[in-house]
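Morning, everyone. Let's look at one structure today, and at the spaces inside it. Please put it on the screen.

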Amino acid sequence: MSGPYASPRSGVSGSAMTLRVFRVLRQAGQPIVCLTAYDASFAAILDQAGIDLVLVGDSLGMVVQGHASTVPVTLDHMVYHTTLVARALKRAWLVADLPFLSYSDPSRALASAGRLLQEGGAKMVKLEGNAGQAAIVEALATNGIPVCAHLGLRPQSAYKIGGFRTAGRNRAEAEKMREDARRLEEAGADLLLLECVPSALAAEITQASQVPVIGIGAGASVDGQILVLYDILGLSQGIRPRFVENFLTGGRSIEEAVKAYADAVRNRTYPEPRHGFGS
Ligand code: KIV
């Protein structure tokens, strides 16, 4: 038997990744390996290294455009960078971020997501949300658009919430995040992404969820890991969050660094407890 039916990890040898493969990997306890990319050259390296999911993140506003936040990123920027990445991917699942204010109501979200899929070539959109975005997720899902719901630290709301803060550290915030995750999943989200969430809370949300949960600064007990590409290559400027690990060390090439990251996630040597947050 060939393709994703043979074994959960059979996609590594060539079959394109699908949401179904992600669910099989979750059930088999095999970590899903994710990274961001913003152009074709890096995307090709990630694809060849066996990265399962590539995100064109609005982090491009910070690491590519040099802004202090993701707020200045527009839908046109996202569509442009998504087309660059889409051209290079053969196997990885391509997710594109809906940028700030591009999904403020269901019809705007549908129009924006439509551009990312039809012009950009994305297979899924990611939006930052809580239960307040459930109607938007539902509108996208009922129109056949796969959605990843990003909870925890939501960089697009950094001005409102007082900066880039770990989320869910007290009992009330933790309870709200559990409920937000439940509501977004019920509305049709196919993946959840938890950013800067205490490891124990991320583990609880993952256990309660029926869909795969990807973490960044959310500990090891989630179904997959994502990092910003420039962070694993030691290129990012400014404050280095504790979950960041530079894999471009010891004379490695970029290809070797990406493979080292993928291996570390699959072998569960990344993240270590020191990369996570307590409550
Ligand atoms: O924009 C981005 O790169 C992201 C990751 C940090 C998950 O949302």
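Start with the ligand: it sits in the largest pocket. Sitting there means that more than half of its atoms lie within 2 Å of the pocket's grid points. A word on the source: this is a predicted model, where local features need pLDDT of at least 70, side-chain atom pairs count only at pLDDT 80 or more, and totals for chains, interfaces and linings use all residues. Residues are numbered from 1 along each chain as its sequence is written, and side-chain values use heavy atoms, with hydrogens and water left out.

Which residues come nearest to the ligand? Of the 13 around it, they are G57, D58, S59, D97 and K126. Being around it takes a heavy atom within 4 Å.

Now the polar side-chain atoms. One of K126 lies 2.7 Å from a ligand oxygen. For D58, the distance to a ligand oxygen is 3.1 Å. D97 has a side-chain N or O atom 3.1 Å from an oxygen of the ligand. The protein covers 95% of the 260 Å² of accessible area that the ligand has on its own. That area comes from the Shrake-Rupley method with a 1.4 Å probe.

Next, the largest pocket itself. Its volume is about 960 Å³. Of its 41 lining residues, M62, E195, V228, D231 and P241 are closest to the centre. By class, the lining has 20 nonpolar, 13 polar and eight charged residues.

How do we define these spaces? On a 1 Å grid over the protein atoms alone, a pocket is an open set with protein on both sides within 12 Å along at least five of seven lines; a cavity is a set of points where a 1.4 Å probe fits but cannot get out; lining residues have an atom within 4 Å of a point.

On to the second largest pocket. It holds about 270 Å³ of space. Of the 16 residues lining it, G152, R154, A167, E173 and M177 are closest to its centre. The largest share of that lining, five residues, comes from α8.

Last, the cavity. The structure holds one of 30 Å³ or more. The largest cavity has a volume of about 50 Å³. Its lining includes C34, C148, I214 and K126. K126 is also among the residues that come nearest to the ligand.

How values were computed:
Polar contact = N/O pair within 3.5 Å; in protein donor to acceptor, adjacent residues only side chain to side chain. Points joined across faces, edges and corners; volume = space filled by probe spheres on them. Nonpolar A, V, L, I, M, F, W, Y, C, P; charged D, E, K, R; others polar. Helix = DSSP H or I, 4+ residues; strand = E, 2+ residues; numbered from the N terminus.
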